[in-house]
Structures are given as C-alpha cells and as structure tokens.
Amino acid sequence: MKAGEKFDVSTHSELLNGILGTDYKGYQYGIRKVSDDSYIWMVSLDGVKRYGWVHTFLGDTVTEDYVDGEPYPKNVSTGLNYKKRLVFDKVRKNGKILYFVFRGVYELTNKGTYTHRILEKVSDETDLI
C-alpha cells in the first residue's frame, strides 16, 4: 500500500474489511491494532474539532491536539500506546465520509506534549497489511 492510495468506502468497517479481510458489520473505533507497536488510525485530518481533538495533515507531519482542556477523558492516553500509525485520512463533505486516503506510516515523536502530539512520516508505504 502506498501513500496517496484512495479507498472508495465510507465506514471504518468497510475500510478494515477491504484491507484486512475481516468481516466487520460495524466498527466504531478510529484505531485498530496491527502489531505490538503499530495501529491503523482512521481520522479526519482537516483541522476541524471533533470530540475534543483537532488533527492536521502537514505532509510529512501530522499533529493532534486535545483542545477541550481538563479533566482529560480516558481516551487522551490511547494514542500514546502505539508508536507507529498507518494513517488513513477520512475525506468528508457536509459531515459525511466520502472516502479514505492512505497518507503513510507515521511515528509519534517526543517533540510534543501529552495533549499536543507530533507525528512524522517514516514511510510512504507499508506491507503490514
């Protein structure tokens, strides 16, 4: 799979079924573990606040910011559990997912903070899936 590859599906379950060969009827989570240190990350990288988070795509860098302040919800630490992320950008129009684009494999850096995370691209392709 190479960066820029488009997947004409509109749900997490359709994407995972297509790339992993699973048979999900519904999958509501934006992450799916694929190895001990990696997961598939399905997220909108358009800079719009959703569920307290703002995710921004800057080419070789992706940032994620938790902007709702304290107290932090339980999921604020979820993204710290895995170093590598296979990033799938949810492309939306009028709030609905139109398709996904594989952006590459990104790795969490130590440059950010607990609520401002910086991920840098480590590869334009993957054979993990």
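These legends describe close-up views of a predicted model. Local features need pLDDT of at least 70, side-chain atom pairs count only at pLDDT 80 or more, and totals for chains, interfaces and linings use all residues. Residues are numbered from 1 along each chain as its sequence is written, and side-chain values use heavy atoms, with hydrogens and water left out.

**View 1. The largest nonpolar core has 13 residues.** Such a core is a set of buried Ala, Val, Leu, Ile, Met, Phe, Trp, Tyr and Cys residues joined through side-chain atoms within 4.5 Å. Buried means under 20% relative accessible area, exposed over 50%, partly exposed in between (1.4 Å probe, protein chains only). Phe 7, Leu 15, Ile 40, Met 42, Phe 88 and Phe 100 have the most contacts inside this core. Helix H1 (12-20) and strands S3 (38-43), S6 (84-93) and S7 (96-108) each supply at least two of its residues. Helices (H or I, at least four residues) and strands (E, at least two) are DSSP runs, numbered from the N terminus. S7 gives the largest share, 4 residues.

**View 2. Phe 100 and its contacts.** Contact means heavy atoms within 4.5 Å. Not counting residues up to four places away in sequence, Phe 100 touches residues including Phe 7, Leu 15, Met 42 and Phe 88.

**View 3. Strand S3 is mostly covered.** In S3, 6 of 6 residues are buried. Ser 38, Ile 40 and Met 42 point one way, and Tyr 39, Trp 41 and Val 43 the other.

**View 4. S3 pairs with S2 and S6.** Two strands pair if DSSP finds at least two bridges between them. S2 (residues 31-33) runs antiparallel to S3, with 3 bridges. S6 runs parallel to S3, with 6 bridges. Trp 41 has Val 87 as its bridge partner in S6.
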